[in-house]
Amino acid sequence: MKQGIIFDMDGTLWDSAENVTKSWNLAIEQSGLLKKTLTTADIKGVMGKTMDKIAEELFGELADGPREKLLALCCAEENDYLRRHGGVLYAGVKETLAALKENRNLYIVSNCQSGYIEAFLDYYGLWDCFSDIECYGNNGRKKGENIRLLAERNHLDAAVYVGDIQGDYDASAEAGVGFIHAAYGFGAVAQKVPAVRAITELAETDIAAAMKKIG
């Protein structure tokens with residue numbers, strides 16, 4: 001039986017909020033479309049949402065056209081900035097991924113823009129850990145749809161999603177996969193689910209019990 005562990009990004013594998021904030025403020029200043037300075041709290045408050053919703057919340061004072069243009073500039077600057085500077089990688093991520101990869105297939109699904117996951121993998125040299133990736137920016141699909149899409153195209157018989165916020169749990173339920181809460185991340189989950197307080201705990205967690213067969 002082919003099993004997969006599918007990871008969220010922000011609040012699960014790393015915290016990129018500070019450098020995302022820096023990159024977006026650079027893009028805003030260079031664009032001339034808006035006089036505004038974002039804070040790290042602003043960015044953390046929207047992480048996990050799709051890019052269109054983030055633009056609505058952060059740049060709602062702009063009309064659709066300028067807002068979309070500014071979002072594109074911010075995303076491009078962000079990808080370049082993170083590829084050069086990275087973010088805050090949670091302690092033990094590399095070792096944990098290497099251990100899990102020994103007997104399971106690993107994947108990433110995020111609501112991010114195209115190029116964001118690639119910037120993360122480039123900076124930390126983690127391409128060999130993951131069999132496939134998918135994101136909202138590639139196809140405009142919500143996280144639940146993309147989890148299911150990735151599971152089906154990789155012919156997974158069972159899978160579990162590891163994420164840190166309620167939206168991650170909701171997406172896993174929509175996709176029909178299991179869920180493990182990264183309780184060290186950005187948010188809480190209302191449902192009673194398996195949880196880890198550090199990513200290193202995944203190596204000792206009964207992942208098989210958290211898996212759900214894909215029907």
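Helix α8 (residues 143-153) packs against helix α9 (residues 166-175) at an angle of about 50°, with their axes 8 Å apart. That angle makes α8 oblique to α9. This is a predicted model. Salt bridges number 11 in it.

**Helix α8 against helix α9**

- The crossing of α8 and α9 is right-handed.

**Helix α3 against helix α4**

- Helix α3 covers residues 51-58 and helix α4 covers residues 64-85.
- Their axes come within 10 Å and cross at roughly 110°.
- α3 is therefore roughly perpendicular to α4.
- This crossing, too, is right-handed.
- Met51, Ala55 and Glu56 of α3 touch Arg67, Leu71 and Cys75 of α4.
- Four of the residues in the contact of α3 with α4 are nonpolar, two are charged and none is polar.

- Lys143 and Asp8 pair through their side chains in a salt bridge, at 3.1 Å from N to O.
- Lys143 sits in helix α8 and Asp8 in the loop between β1 (3-7) and β2 (14-15), so the pair ties together parts 135 residues apart in sequence.
- Both residues, Lys143 and Asp8, are buried.

**Arg153 with Glu134**

- A salt bridge joins the side chains of Arg153 and Glu134, at 2.7 Å from N to O.
- Arg153 lies in helix α8 and Glu134 in strand β5 (residues 132-135).
- The two are 19 residues apart, and the pair links distant parts of the chain.
- Arg153 has 35% relative accessibility, so it counts as partly exposed.
- Glu134 has a relative accessible area of 6%, so this residue is buried.

**Lys49 with Glu57**

- Lys49 and Glu57 form a side-chain salt bridge at 2.4 Å, N to O.
- Lys49 is partly exposed because its relative accessibility is 33%.
- Glu57 is partly exposed as well, with a relative accessible area of 45%.

Conventions: Residues are numbered from 1 along each chain as its sequence is written. This is a predicted model: local features need pLDDT of at least 70, side-chain atom pairs count only at pLDDT 80 or more; totals for chains, interfaces and linings use all residues. Side-chain values use heavy atoms; hydrogens and water are left out. Axes are lines fitted to C-alpha atoms, for helices over the stretch in contact, and angles run from 0 to 180 degrees between N-to-C directions. Helices (H or I, at least four residues) and strands (E, at least two) are DSSP runs, numbered from the N terminus. Angles under 35 degrees count as roughly parallel, over 145 as roughly antiparallel, 65 to 115 as roughly perpendicular and the rest as oblique. A crossing is left-handed if the near helix is turned anticlockwise from the far one by less than a right angle, and right-handed if clockwise. Contact means heavy atoms within 4.5 Å. Ala, Val, Leu, Ile, Met, Phe, Trp, Tyr, Cys and Pro count as nonpolar, Asp, Glu, Lys and Arg as charged, and the others, Gly among them, as polar. A salt bridge is a side-chain nitrogen of Lys or Arg within 4 Å of a carboxyl oxygen of Asp or Glu. Buried means under 20% relative accessible area, exposed over 50%, partly exposed in between (1.4 Å probe, protein chains only).
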